[in-house]
Amino acid sequence: MVSKPKKPFRVFEAGAGKFPIDLIKKAARSERLGKKREFIGVDYDLFSYNLEAALKQAKVGKSPKNLRTSAGCAIRVLEKLPKESQNLVFAGLVVHQIFLNKSSPARGVMEAKRFLSAAKRALAPNGRLVLIQHLKDRAFFEQLAKEGGFRVYSRELTEAEAKKSESPFLNQIATSKGREEVVKETIRRAANQAQKAQEIQDLAQERNVKSPYDLHKPILFILRK
Ligand SMILES: C[S@@+](CC[C@H](N)C(=O)[O-])C[C@H]1O[C@@H](n2cnc3c(N)ncnc32)[C@H](O)[C@@H]1O
């Protein structure tokens with residue numbers, strides 16, 4: 001009897017960033033070790049020249065054959081993938097942008113739900129949707145994911161785990177000093193600084209965190225169908 005060839009383990013990264021170094025390193029390592037894995041990375045800002053620069057930074061000679069990248073909307077690409085084709089869908093510090101960048105909050109929530117349902121459709125039965133988000137949005141995401149039909153596990157990422165990543169955003173919020181900078185920058189950029197500072201203070205109280213800077217602690221979410 002001829003056995004069927006083993007299916008590759010497929011990974012889709014939404015909002016992989018301008019310079020998807022983690023993704024490149026993972027794909028190159030899999031290729032080197034002869035593992036049957038395929039990677040896709042999509043970001044609005046991921047153009048071919050970013051990929052070249054990222055390959056250099058990752059010290060990977062040429063683009064691994066098991067990696068496809070494109071510039072554009074990750075939700076649209078995800079929606080076009082074959083049903084149940086992906087083993088892992090990952091989005092690191094992306095979903096808050098999906099719902100915040102939109103013209104109205106209701107529209108933003110709709111898009112975040114659209115992302116979750118596209119991921120659910122594309123995931124294999126035992127697949128995982130893994131998200132990293134800020135502590136301030138933890139309850140909101142858990143609720144959204146449950147409403148989307150996922151089972152949710154979440155925990156804080158440790159400083160060591162967050163620092164290990166090649167993501168400059170995740171590296172920044174890994175430490176309390178970095179999180180402090182994020183909050184200060186948000187206040188600095190606000191038209192009305194005093195009002196923004198008060199909003200952040202109120203949010204910290206509402207979310208029951210010790211310091212406003214902790215609002216940005218990174219949380220790992222693992223979602224299963
Ligand atoms: C804070 S950055 C995080 C980037 C990367 N994941 C990291 O951790 O370094 C958020 C990224 O999400 C991307 N993004 C947001 N919504 C997106 C969408 N619908 N499709 C593709 N990329 C998206 C942005 O272009 C941006 O690069």
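Residues are numbered from 1 along each chain as its sequence is written. In this predicted model, local features need pLDDT of at least 70, side-chain atom pairs count only at pLDDT 80 or more, and totals for chains, interfaces and linings use all residues.

**Ligand shell.** The ligand is surrounded by 19 residues, a residue being near a molecule if its C-beta atom, placed from the backbone, lies within 6 Å of it. The closest are Gly15, Gly17, Ala74, Gly92 and Ser167. The elements below, which are DSSP runs (helices: H or I, at least four residues; strands: E, at least two) numbered from the N terminus, each supply at least two residues of the shell.

| Element | Residues |
|---|---|
| Strand E2 | 37–43 |
| Helix H3 | 74–80 |
| Helix H4 | 95–100 |
| Helix H8 | 168–174 |

**Nonpolar core.** The largest nonpolar core has 48 residues; such a core is a set of buried Ala, Val, Leu, Ile, Met, Phe, Trp, Tyr and Cys residues joined through C-beta atoms within 7 Å. Its largest share, six residues, comes from helix H5 (residues 105–122).

**Helix H2.** In helix H2 (residues 48–57), Leu51, Ala54 and Leu55 are buried, meaning that 20 or more other C-beta atoms lie within 10 Å of a residue's own, whereas 12 or fewer make a residue exposed. These buried residues fall within an arc of 105 degrees seen down the axis of H2, so they line one face of the helix; the arc is that of the directions from the helix axis to the C-beta atoms. The face turned away from the buried side carries the exposed residues Tyr49, Glu52 and Lys56. Just after H2, Lys59 takes a positive phi of about 55 degrees.
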